[in-house]
Amino acid sequence: MSTLTDPPAEGFRLSMLINDTRYRSLTFQVIAAIVLALCIWYLGNNLIQNLRAAGLNISYTFLGDSAGYDINQTLVEYDSQSSHARAALVGLLNTLLVAFLACITATIFGVIAGVLRLSNNWLVSKLMAAYVEIFRNIPVLIWIIIIFTIMTAVLPGPRAFRGDDATASMLFDSFAFTNRGIYTPMPWFENGIFASTAMNWLLILAGFALSWGVAHQINVWANHKQEATGVRPKTLLPILAAWLVPFLALTLIMGLTWEYPELRGFNFSGGIKVGGPLIALWFALSIYTGAFIAENVRAGIQAVSKGQTEAASALGLRPRRVMNLVVLPQALRVIIPPLISQFLNITKNSSLAIAVGYADITATLGGITLNQTGRAIECVLLLMLFYLTASLVISMVMNVYNASVKLKER
């Protein structure tokens, strides 16, 4: 109920959408959304009209047609009679493979180089500084070509392994390093639980996930025990058992064995082939991006207060333990956000694989398939969707990890 002292209620006026700060920001957002929607509608309508005028339409039925081309390295079964969709899947898996491997090795290179850049040893710190400045200031495409050229020129061809007077030999009679790639033994199961090899490997991965969970719980129990008693129980043997027992049990039950590469005819067969283009792309992306990650690591370490290092040293911790237990855990909150961007760059820079003949998603779907079918719009849209999805997934996973390592206030 209003009283005589209450001011009269002010009615809503259209001018308040601009003049009133309570509505102004919302008004501008709505206007921007309408303008963006109109632009998208105009471009889409213009595309449809131009396609109709040219007698074309957007269709993905070409994905079911026979691809008609071979791919030198595949993670799933594929031949020239497979469909374009199958070829795109092979390229997608190849892209994910090189991106995953490069993210791991680039992180290792970057962390090592970033820590050593702050070393008290003058020679070591200068060498790491030279690595960073040289590799990050030369385009990654040049490094890909350089590494691929060196690999094909230095390593012997398969024929060098043939005959009694062979000029090259396999390492431990199991590994062959050639200018076409590296051949390694391939594990397989004689008594697999599943008929599919992929399902058997998924079972092994599930065993590793179980081992990780058990090892994590052992560490949690040890931490609680240490907080309660001041003495940390020994966990090395239980953790080793948690990792080894499930793996050994599964491999014994399924009959793990190895298929070794052999020189047959003009090339090696059997085992696993890691092609030269994959190695060149993987290594180039790793050392190039590792130089950027090294600077992120150095910045994160320098962001930690010097008093933290001095306090840890005063407790008697050695420099290596200080770095592992005190400095790096605190530096992660500074390192992780730019590290996410570097992982995204690795995934997108993998599209340069076509320079050395590695069949990634850009080379298959955005290259050969596009040229054969003429479906440029459809292929480019699928490429955009893949890279967008991959980038969003990487960002989501890394942001979850970033949230887990950030400082938590009490």
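Guide: A crossing is right-handed if the near helix is turned clockwise from the far one by less than a right angle, and left-handed if it is turned anticlockwise. Please note that this is a predicted model. Here α10 passes α12 in a right-handed crossing.

Visitor: What are the angle and the axis distance for helix α10 and helix α12?

Guide: Two packed helices are described by the angle between their axes and the distance between the axes. Helix α10 covers residues 319-349 and helix α12 residues 376-405; their axes cross at roughly 165° and come within 10 Å. Angles over 145 degrees count as roughly antiparallel, and α10 and α12 are therefore roughly antiparallel to each other.

Visitor: Which residues of α10 and α12 meet?

Guide: On the α10 side, the residues include Leu332, Ile336, Leu339, Ile340 and Phe343. On the α12 side, Tyr387, Ala390, Ile394 and Met398 are among them. By class, this contact of α10 with α12 has 13 nonpolar, five polar and two charged residues.

Visitor: Let us turn to single residues. Is Thr364 buried or exposed?

Guide: Buried means under 20% relative accessible area. Thr364 counts as buried because its relative accessibility is 1%. Thr364 has its place in helix α11, residues 361-373. Leaving aside neighbours within four places in sequence, Thr364 is in contact with Tyr69, Ile71, Ala87, Ala88, Gly91, Ala359, Thr369 and Leu370.

Visitor: Which accessibility classes apply to Cys39 and Cys103?

Guide: The partly exposed class lies between the buried limit of 20% and the exposed limit of 50%. Cys39 counts as partly exposed because its relative accessibility is 40%, whereas Cys103, at 12%, counts as buried.

Visitor: How many disulfides does a search of the whole structure find?

Guide: A disulfide requires a pair of cysteine sulfur atoms within 2.5 Å. The search of the whole structure finds zero disulfides.

Notes:
Residues numbered from 1 in each chain as written. Predicted model: local features only at pLDDT ≥ 70, side-chain atom pairs only at ≥ 80, totals over all residues. Heavy atoms only, no water. Buried < 20%, exposed > 50% of the residue type's maximum accessible area, 1.4 Å probe, protein only. Axes fitted to C-alpha atoms, helices over the stretch in contact; angles between N-to-C directions. Helix = DSSP H or I, 4+ residues; strand = E, 2+ residues; numbered from the N terminus. Parallel < 35°, antiparallel > 145°, perpendicular 65-115°, else oblique. Contact = heavy atoms within 4.5 Å. Nonpolar A, V, L, I, M, F, W, Y, C, P; charged D, E, K, R; others polar.
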